[in-house]
Amino acid sequence: LSLHDALPISASSLPRRGITAFLLDKFEPEFDRWIRDNHDARDVIFVPMLSGRNRSYGWTRNGFASESQAALTTAWRGWQSRRLALQGAERQRRLLQFDDALARRFAQKIPHRADHLVVSQNLLPHLWRSGDLGGRVFDVLMTRMPIVELERTLDAAARAHPNSQTLTDYRAPEAFLEAETAALAAARYWITPHSDISKLAADRAIKLDWDLPPSGRRNGKGRAIVFAASTVARKGCYELRDALRERPGERVQLA
């Protein structure tokens, strides 16, 4: 990725423009906190659903000029997602289609006066390809590394673990990869709590603090590690296994 030069900036000193439209998908507490601190009463917010009962979309919506949703698109996405396998190429292809549908629905409602957008990363390539980012300044809420970086990592892991099928079962379409790369290069700032993403963005990063739950009281030394993902290679289970092997004299159970 080619990064544009920009001056360093802190989350508390984001320059104000005209009207900002926030185009959001799955709820992330770090981004929610940042948005609360960096919007005003002129701005508009787009969320998948306005219902406060769904925690996946529980963004704070107080203090905006208007709020919009894509309830039917989101309901369709949820119904279709439950019919897909938890892993595999077909699921990845369908997720891109779902993101495209949500991005198109939001784009239909962006006010013409909105000259600044803050966009969830999964919506970014679709908005770029449709031309809805043209003539606007935009910032990206980064939830993962860029696709080009992810696929470099998967390629390296596939060479290290040639027997794994999940490391090679899917690669993003070339047009999608090119769209995300171009959009990220044109973005003003990458907003993220992730250190590696911040390093990649360099001076264009807005680094957020992680929203960490209070740590509970520990009763002695544990003997199990919970792997909070599917135990497949693309989720890092081999790397965790190798790390555990570096603990000589200990037997740790992977749950």
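Two strands count as paired if DSSP finds at least two bridges between them, and helices (H or I, at least four residues) and strands (E, at least two) are DSSP runs numbered from the N terminus. The structure is a predicted model, in which local features need pLDDT of at least 70 and side-chain atom pairs count only at pLDDT 80 or more, while totals for chains, interfaces and linings use all residues. Residues are numbered from 1 along each chain as its sequence is written, and side-chain values use heavy atoms, with hydrogens and water left out.

**Exercise 1. The strand S1 and its partners**

Task: Determine how many bridges join strand S1 to strand S2, and in which direction the two strands run.

Solution. Step one is to take S1 (residues 19-23) and S2 (residues 44-47), between which there are three bridges, with the strands running parallel. Step three is to follow the chain between the strands: S1, H1 and S2 make a right-handed β-α-β unit, where right-handed means that, with the strands pointing away from the viewer, the path from the first strand over the helix to the second runs clockwise.

**Exercise 2. The strand S4**

Task: Find which strands S4 is joined to by bridges, and state whether S4 is enclosed or open.

Solution. Step one concerns S1, which is joined to S4 by five bridges in a parallel arrangement; the partner of Thr20 in S4 is His116, and that of Leu23 is Val119. Step two concerns S5 (residues 137-141), also joined to S4 by five bridges and running parallel to it, with His116 opposite Val137. Step three is burial, where buried means under 20% relative accessible area, exposed over 50%, and partly exposed in between (1.4 Å probe, protein chains only). Six of the seven residues of S4 (residues 114-120) are buried, so S4 is largely enclosed by the rest of the structure.

**Exercise 3. Burial in S1 and H1**

Task: List the buried residues on each side of S1 and those of helix H1.

Solution. In S1, Ile19, Ala21 and Leu23 are buried on one side, and Thr20 and Phe22 on the other, so that both faces are covered. Five of the five residues of S1 are buried, and the strand is therefore largely enclosed by the rest of the structure. In H1 (residues 29-37) the buried residues are Glu30, Phe31, Asp32, Trp34 and Ile35, and their cover includes S1, S4, S5, strand S6 (190-192) and strand S7 (205-207). Over the protein chain of 255 residues, buried residues make up 42%.

**Exercise 4. The largest pocket**

Task: Describe the volume and the lining of the largest pocket.

Solution. On a 1 Å grid over the protein atoms alone, a pocket is an open set of points where a 1.4 Å probe fits, with protein on both sides within 12 Å along at least five of seven lines, and lining residues have an atom within 4 Å of a point. Grid points are joined across faces, edges and corners, and the volume is the space filled by probe spheres set on the points; for the largest pocket it is about 1500 Å³. The lining has 46 residues, of which Gln92, Leu95, Arg144, Leu150 and Lys235 lie nearest the centre. Helix H2 (71-81), helix H3 (89-107) and helix H5 (147-160) are the elements giving two or more residues to this lining, and H5 provides the largest share, seven residues.

Technical notes
Contact = heavy atoms within 4.5 Å.
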